[in-house]
Amino acid sequence: MKGLLPGVLTLAALSVLLRRRPLYGPLTEGFREGLLTLWRIFPPVAATLTAACMFRASGAMDALEALLRPPLRLLGIPPETAPLLLLRPLSGSGALALGAELMERLGPDSPAGRTAAVMLGSTETTFYTVSVYFAAAGVRRTRHAIPAALVSDLVGFLCAGIFVRLFFG
Amino acid sequence: MMDWVWAGLVVASLMFGALNGRLPEVSAAALEGVRKALDTCLGLCAGLCLWSGILKLLETGGASALLGRLLRPLLTRLYPEARRDREALSALAENMSANLLGLGNAATPAGIRAAQALKKGETATDSLCRLVVLNSASIQLIPATVCTLRAAAGAQAPFDILPAVWLASLCAALAGLGAEKLLRRAFR
């Protein structure tokens, strides 16, 4: 995986040149988009971390983690990821913020840090996605879309725990 | 929804802080949270910009279109009614390939076009539910943001989680599809 970045970069540059398309313009446009993304996610990240840090400092986070520890242990999920699990379907940047804070605190290569990263990478902001798609299509009765999407999230969380233990246990 | 979650967190912090005698720490933590957010965003900055640039090049170079063509046989199986609807099929292909490459900005508009092509009236069809389920199960070849986050936190090999992410995403997507099929009858 060490050559991934230069490899993808070379591949991308060559594919553009072979199609005789402009390279430098889209590249800088991408950089600009990256910066704009950051600009867009900072406010919700800050809002989430403010509340989450207060919650942790008050001791309430310990209570929540203690409450969820037995069921999560049973499922093989590190209990430290409990707040992430709860926020993930609701807020993408909020979950990103909690994941970043968790990795900073427990280390990115710790079992909990790795599991958090895999969770973030293998699930989406379910409620947001559902509402955007159905609103755009003018659909009012969403039927089984939300339950099915939540099943998929749950399995994603479970598998994050399983595969991290399997590959890095 | 987030309104209530946020307010709940703050109220709980105040109550627990008062009970545990940790109100000074709670006050300090509010500002600390914003500082951490700044650190997080600064840590993400370099990686996010670089990956956005790479992804833009992949899009320009036709990787997204190529992937879309490769996905067509799979898509006609997942969405049988798109077989005769060229427009729906191309929107579905664009949506899935953009998702796979992590092009969030391109995936959503294409997905919405597909949703509009698949819809029939105000009640969601099975295909539409399937589209939404697949879009809410992230299937990405390179989850760039998370890996950048890992790199910023000082991970030894930020990309070593890729196989675990692929397998977990695949299982999640398959479970979503299975649940969609099983739950159809219960939600008429």
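Predicted model: local features only at pLDDT ≥ 70, side-chain atom pairs only at ≥ 80, totals over all residues.
**Reading the helices of a two-chain model**

Colleague: Which residues of H6(A) are buried?

Modeller: A residue is buried if 20 or more other C-beta atoms, placed from the backbone, lie within 10 Å of its own, exposed if 12 or fewer, and partly exposed in between. In chain A, buried residues make up 51% of the 169 residues. In H6(A), 11 of the 12 residues are buried, so this helix is largely enclosed by the rest of the structure; the buried ones are A:Ala112, A:Gly113, A:Arg114, A:Thr115, A:Ala116, A:Ala117, A:Val118, A:Met119, A:Leu120, A:Gly121 and A:Ser122.

Colleague: What do the buried residues of H6(A) pack against?

Modeller: Two residues are in contact if their C-beta atoms, placed from the backbone, lie within 7 Å. The buried residues of H6(A) pack against helix H4 (82-87), helix H5 (92-106) and helix H8 (145-168) of chain A, together with helix H7 (144-152) and helix H8 (162-183) of chain B. H7(B) is itself mostly covered, with eight of its nine residues buried, and these pack against H5 and H6 of chain A together with H2 of chain B.

Colleague: How do the axes of H6(A) and H8(B) cross?

Modeller: Two packed helices are described by the angle between their axes and the distance between the axes. Axes are lines fitted to C-alpha atoms, for helices over the stretch in contact, and angles run from 0 to 180 degrees between N-to-C directions. Under 35 degrees counts as roughly parallel, over 145 as roughly antiparallel, 65 to 115 as roughly perpendicular and the rest as oblique. The axes of H6(A) and H8(B) come within 9 Å and cross at roughly 50 degrees, which makes H6(A) oblique to H8(B). The contact is made by A:Val118, A:Gly121 and A:Ser122 of H6(A) with B:Ala164, B:Val165, B:Ala168, B:Ser169 and B:Ala172 of H8(B).

Colleague: How do H2(A) and H2(B) run, roughly parallel or roughly antiparallel to each other?

Modeller: The axes of helix H2 (residues 24-57) of chain A and helix H2 (residues 23-60) of chain B come within 6 Å and cross at roughly 155 degrees, and the two are therefore roughly antiparallel to each other. For residue classes, Ala, Val, Leu, Ile, Met, Phe, Trp, Tyr, Cys and Pro count as nonpolar, Asp, Glu, Lys and Arg as charged, and the others, Gly among them, as polar. The residues of the contact of H2(A) with H2(B) divide into 26 nonpolar, nine polar and seven charged.

Colleague: How many residues of chain A are in contact with chain B, and which helix gives the most?

Modeller: In chain A, 86 residues are in contact with 88 residues of chain B. H2(A) gives the most to the side of chain A that touches chain B, with 23 residues, and by class that side has 53 nonpolar, 19 polar and 14 charged residues.

Colleague: Where are A:Arg20 and A:Arg143 found?

Modeller: A:Arg20 is in the loop between H1 and H2 of chain A, and A:Arg143 lies in the loop between H7 and H8 of chain A. A:Arg20 has a positive phi of about 55 degrees although it is not a glycine, and phi of A:Arg143 is likewise positive, near 50 degrees. A:Arg20 counts as exposed, with 6 C-beta neighbours inside 10 Å, whereas A:Arg143 counts as buried, with 20.

Definitions and conventions. Residues numbered from 1 in each chain as written. Chains lettered and ligands numbered in written order. Helix = DSSP H or I, 4+ residues; strand = E, 2+ residues; numbered from the N terminus.
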